[in-house]
Amino acid sequence: MMAQSNDFQRLEKRDFSRKKLKNLPKEVLTLGTDVLYLILKNNRLKHVRGISALRNLKELNLSANELLEFPQEIAQLKNLEKLYLSQNGITQIPEGVFSQLEKLQFLKLSTNRLKELPSDLGNCKSLQYLNLSNNYLKDVKVLEALCSLEELYVKSNKLTELPAALFLNPDLTKFKADGNPLRKPPEEVCAGGVKSIQHYFNMLGSSEQCVRRVKTMFLGSSMAGKSTICYSLRKGSPVLVDIADRTVGIEISEKQLGGFSFLFWDFAGQEEYYFTHHVFITPQALVILAINLASYDVLDPQSFRDSVSFWIKNVQLRVPDAVVLVVGTHSDECRDEVDVQEKKEDIDRKIRGMLEERKANLERWKKNLEEDQKDTAEFSNQLRYLRQCTEHKLQVLDLLPMDCTNPEEIEKFKEYILQQVQNSDLFPNIEKILPQLYQEVESSIKALKEDKDIPEHGVMLFEEILNELNEKFGELDQEDLQPILRYLHRIGIIVWYEEIADLKETVFVEPSFLIKLFKTVVRHDLKNQLQSISKKELMEEKSLKVHQDKWINDLVGKATLHNTAIRVLLRKSLKELEIDDEDFLNEIVGNRSSDGMFLGLLRQFEICLPTQLNSPLNPQAPDFVPNTKWEPSNTSVYNANGACLFPSHRMDNDVVLRYWGEDMNDNIQVQVYFLPEIPHGFFHRLIIKSCSLYPVHWVGKDHCLVSTGPTLVLFREKCLKDDQLIEIRCKRQYRSANVSTAGGELRPSWDMILAILRKLVELTQQWPGLCLYVCSPCTVVDCDDHFAWPDWKELNGHDLYNIQKDDKMLCSNGHTHRTELLFPKASRTHSKADDK
Ligand SMILES: Nc1nc2c(ncn2[C@@H]2O[C@H](COP(=O)(O)OP(=O)(O)OP(=O)(O)O)[C@@H](O)[C@H]2O)c(=O)[nH]1
């Protein structure tokens, strides 16, 4: 009975993916009415003539092919419930197809070249899932009629407005629209989810306002003159900033100039603050890059790297669609006009060179892929992805020399900025439509700060803000305030982590206070800070000199900072900020039995890794080694509960290499290449993310080792022939001869590698300008060929084990490999597909 039903199912469901098909083979066309599910993804199909013969099809998967025209015959597949057409080059959908597909529930059309939708798409009354992301759509009004829609994705299109009626449908619960030039509702409202959008449209009904806001970020090395320009623009005349008033972290302010509202973010130049940038650097921004011309040296390549290219690459990775105004400050301190001109030309030329180089590198990657056509599916997937990367265009304007002490030049600079933001080629959509209430709440919060109705640190309970605002607005309730605060958080005016249980009641009305707090532990001179703790300060946390010595030793030796030390340092810096409200201090600092808000924030920002201090009974402590007798490395004088590991403080890889040993040729290996480079701080965050999955881990400077049971996985930063990459390696476990050596044995290794890869890909979301290339190298000595991973972009939510079907793979130099050593692959006996 069982066998019969399996046969029957096999007839119903046919999988022809990755067969390098250019036409539908006879074998498919003659399947007739028996087949219900047909998978043709990852082929090279340009058309599917004859498909209408498969009249009973319920599911058709044509994703990742080379279709340029929508296959009209699909209109005759009246039983179709699921249709996949993503990753093709379809430019147009004819009218009259979708009105025929009454049973269609699922439609995936992402990553095509659609500019318009057919008007009869609205007739698909059964449609529950629709994905139109990565197209060129300007209008989705037709979707209003889709009354059963539950999930809708329209990311990365050209949408400026969303139809309000779409959100009247109570079933629509999942919606994503990032990467669109939206004005109504603005992207920041959409990021808050369907409920926020519904609230926005409800509020808009009564009144609306047009806001022309320019998010302006001042970047550049320390002392370049960022604060000077920012303050001077605000005041309208030169403001000389005292060195003692250097920016700590970030300062946020707003200024009305020529009908535009400029929201200024003045970032501190010191590298220590770099980790906070991702919180504030947002899409569609104007970046003012300050470069000190007086100290710039045309002959020293390091000078360009430190003061220009580091920052441009940073912006390019984080905000690939930004406009960068380059300002050469301190021109008055240069030798003469000729010197200024020479430096200007040098910087402009080198910036152009840099941007060209990135383009050329992408082209080189593309060419490599084109030459390497051995597996067409992976080739076209990677190529499509590279094409997407090249679509981002960072615009860097020529350098403007400036003497920030000269009132005329400040005035000229103001005019220059206004001229640029009015240029619709550079800033196509500065206008945003907002309900009046959103604006009113924003200005009321500002007024509360100015009138000192709230404490200077700006840390408030949600309830407190609501009460304060209610005095003004009367009937404002929680449901109204939530989406508005969500929006202000996305804009960067406040910080509110509503998704974190411990923080959801707290709103940071002064985001810069948060960064000042981080400065307590994120600093180069942390050791000096620990040394400077006084006896009295130690006593407050019931600590002794001997503890202080241990804190210093553990910081230097293990890059860990004890939680008690953090509490002492934090208490000290809060006092320096003149915060003496004891309840508030306790809430932020915490105590021996409860963590305090600060530790939660450190975790949220992924600045450090919470770890346990050594304890004789704790096999989860950092130096526990699997399969060996557990012995504590020392018996701590201090047995408080926890500490934080700062990967950036690690100086070498000794501890990692001690447990890893030698690299072996039979290691399972995956390489992830980064273009243009691995972002600053990326690897440390990857360590923090990965180690939180595996409590047994060892952290080094640019190596990290994680383990579960006997399985060890190493990942490290590397540079190979000028290319930067992260390599993930796993040691093979060899079992006794009577155990099958089929793929199942490799599953624990692949599971760990995939877990780290997933974290890596998750992290790259914060750098939309980054290009990745994922591959497994040929492991034969001296062979430099590699096997590209076709589906790494689908790491989340897909079972990669079932993707590769062949048992063996051949590299271009003729070396044969078992597929399960190169890709996650289910063994024949364990394949889920076979079970189905
Ligand atoms: N002579 C002259 N001095 C300038 C000019 N621009 C800035 N300065 C001075 O340079 C010093 C540093 O300027 P800031 O504006 O604080 O520099 P910053 O880039 O904000 O520095 P960080 O806060 O450390 O990131 C201050 O003393 C300014 O007065 C300029 O064009 N000419």
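1. Two strands pair if DSSP finds at least two bridges between them. Strands (E, at least two residues) and helices (H or I, at least four) are DSSP runs numbered from the N terminus. In strand 13, for instance, the bridge partner of Leu289 is Val326.

2. This is a predicted model, in which local features need pLDDT of at least 70 and side-chain atom pairs count only at pLDDT 80 or more, while totals for chains, interfaces and linings use all residues. Residues are numbered from 1 along each chain as its sequence is written.

3. The pairing around strand 13 (residues 323-329) can be followed on both sides. Strand 12 (residues 286-292) pairs with strand 13 in the parallel sense over seven bridges. Strand 13 also pairs with strand 14 (residues 395-401), again in the parallel sense, over five bridges. There Val324 stands opposite Val396 of strand 14. Strand 12, helix 7 (residues 301-318) and strand 13 form a right-handed β-α-β unit; right-handed means that, with the strands pointing away from the viewer, the path from the first strand over the helix to the second runs clockwise.

4. Is strand 13 mostly covered or mostly open? Seven of its seven residues are buried, where buried means that 20 or more other C-beta atoms lie within 10 Å of a residue's own, exposed means 12 or fewer, and partly exposed is in between, with C-beta atoms placed from the backbone. In a regular strand the side chains alternate between the two faces of the sheet. In strand 13, Val323, Leu325, Val327 and Thr329 are buried on one side, and Val324, Val326 and Gly328 on the other.

5. Strand 9 (residues 208-219) has partners of both senses. With strand 15 (residues 431-435) strand 9 pairs in the antiparallel sense over five bridges, and Glu208 has Pro435 as its bridge partner there. Strand 9 runs parallel to strand 11 (residues 260-267), joined by six bridges; Arg213 is partnered with Ser261 of strand 11.

6. Strand 1 pairs with strand 2 (residues 37-39) in the parallel sense over three bridges, and Lys13 has Tyr37 as its bridge partner in strand 2.

7. The largest nonpolar core has 152 residues, and those with the most contacts inside it are Leu561, Cys644, Val713 and Ile753. Such a core is a set of buried Ala, Val, Leu, Ile, Met, Phe, Trp, Tyr and Cys residues joined through C-beta atoms within 7 Å. Helix 23 (residues 747-764) gives the most to this core, with seven residues. Apart from this core lies another, of 48 residues, including Trp265, Val287, Val324 and Val326.

8. Helix 23 has 18 residues and reaches 25 Å from its first C-alpha to its last, close to the 26 Å expected at 1.5 Å a residue; the expected span is 1.5 Å times one less than the number of residues. Buried residues of helix 23 include Trp750, Ile753, Ile756, Leu757 and Leu760. The buried residues of this helix pack against strand 21 (668-675), helix 22 (682-691), strand 23 (703-708), strand 24 (711-720) and strand 25 (723-730), a contact being two C-beta atoms, placed from the backbone, within 7 Å.

9. Most residues other than glycine have a negative phi, and most peptide bonds are trans. A cis peptide bond joins Lys184 and Pro185, with omega about -5°; Pro185 lies in the loop between strand 8 and helix 3 (187-190). The bond from Leu675 to Pro676 is also cis, with omega near 5°, and Pro676 is in the loop between strand 21 and helix 22.

10. Two residues other than glycine have positive phi: Lys20, near 60°, and Gln87, about 55°. Lys20 sits in the loop between strand 1 and helix 2 (26-29), and Gln87 in the loop between strand 4 (82-84) and strand 5 (106-108). Lys20 is exposed, with 10 other C-beta atoms within 10 Å, whereas Gln87 is buried, with 26.
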